[in-house]
Amino acid sequence: MGSKYTKRYTEEFKRDAIALVDSSGKTVTAVARELGISSESLRGWYRKAKADRGEGESGELTGAEREELKRLRKEVREQQQTIEILKKATTAFFVKDNDR
C-alpha cells in the first residue's frame with residue numbers, strides 16, 4: 001500500500017466521506033466514485049470508523065438478525081412462562097393425588 005502513488009487524505013476529508021456514506025444511503029463504491037477516490041480506501045476508512053464506534057464486523061447484527069433476536073427472546077420468555085405454569089400444575093396435580 002505504500003506506493004509512491006498513494007494519496008494522503010486529511011482526517012476531516014475521511015470523516016466527511018464516511019458521513020456521506022452514512023447519510024446518503026449510497027454504496028461505498030458510489031460515494032468513492034463521486035469523490036474520485038478508490039473504493040478500497042473508502043471501504044477501509046468506513047470499516048475502521050464503524051469498528052471505532054463499536055459497530056465492527058465481529059459483533060455487528062444486521063436488521064434481520066436484530067429482529068430474529070427480538071423474536072427469539074420473546075419466544076424464550078413465553079416458553080419460560082409455560083414451564084412455570086406446567087410446574088405449578090404438576091405440583092398441584094401431585095399434591096391432589098397424594099391427598100387421596
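## Terms and model

Buried means under 20% relative accessible area, exposed means over 50%, and partly exposed is in between, with a 1.4 Å probe and protein chains only. By that scale Phe13 is partly exposed, with a relative accessible area of 27%.

This is a predicted model, in which local features need pLDDT of at least 70, side-chain atom pairs count only at pLDDT 80 or more, and totals for chains, interfaces and linings use all residues. Residues are numbered from 1 along each chain as its sequence is written, and side-chain values use heavy atoms, with hydrogens and water left out.

## Confidence

The pLDDT is the predictor's confidence in each residue, from 0 to 100. For the protein chain the average is 83, and 80% of the residues score at least 70. Among the elements (DSSP runs numbered from the N terminus: helices are H or I of at least four residues, strands E of at least two), the highest mean pLDDT, 94, belongs to helix 2 (residues 28-35), and the lowest, 85, to helix 4 (residues 63-99).

## Nonpolar core

A nonpolar core is a set of buried Ala, Val, Leu, Ile, Met, Phe, Trp, Tyr and Cys residues joined through side-chain atoms within 4.5 Å. The largest one has 11 residues, including Ile18, Val28, Ala32, Leu42, Trp45, Tyr46 and Ala49. At least two of its residues come from each of helix 1 (11-24), helix 2 and helix 3 (39-52). Helix 3 gives the most, with 4 residues.

Contact means heavy atoms within 4.5 Å. Leaving aside neighbours within four places in sequence, Ile18 is in contact with Leu42, Trp45, Tyr46, Ala49 and Arg53.

## Aromatic pairs

Rings of Phe, Tyr and Trp (its six-membered ring) pair if their centres lie within 6.5 Å; planes under 30 degrees apart count as stacked, over 60 as edge-to-face and the rest as tilted. The count by this rule is 3 aromatic pairs. Tyr9 and Phe13 are stacked, because their ring centres are 5.0 Å apart and their planes are at 20°. Tyr9 counts as partly exposed, at 23% relative accessibility.

Phe13 and Trp45 have ring centres 6.2 Å apart and planes at 85°, so this pair is edge-to-face. Phe13 lies in helix 1 and Trp45 in helix 3, so the pair ties together parts that are 32 residues apart in sequence. Trp45 counts as buried, at 15% relative accessibility. Tyr9, Phe13 and Trp45 form one aromatic cluster.

## Ser39

Ser39 is in helix 3 and is buried, with a relative accessible area of 16%. Not counting residues up to four places away in sequence, Ser39 touches Val28, Thr29 and Ala32.
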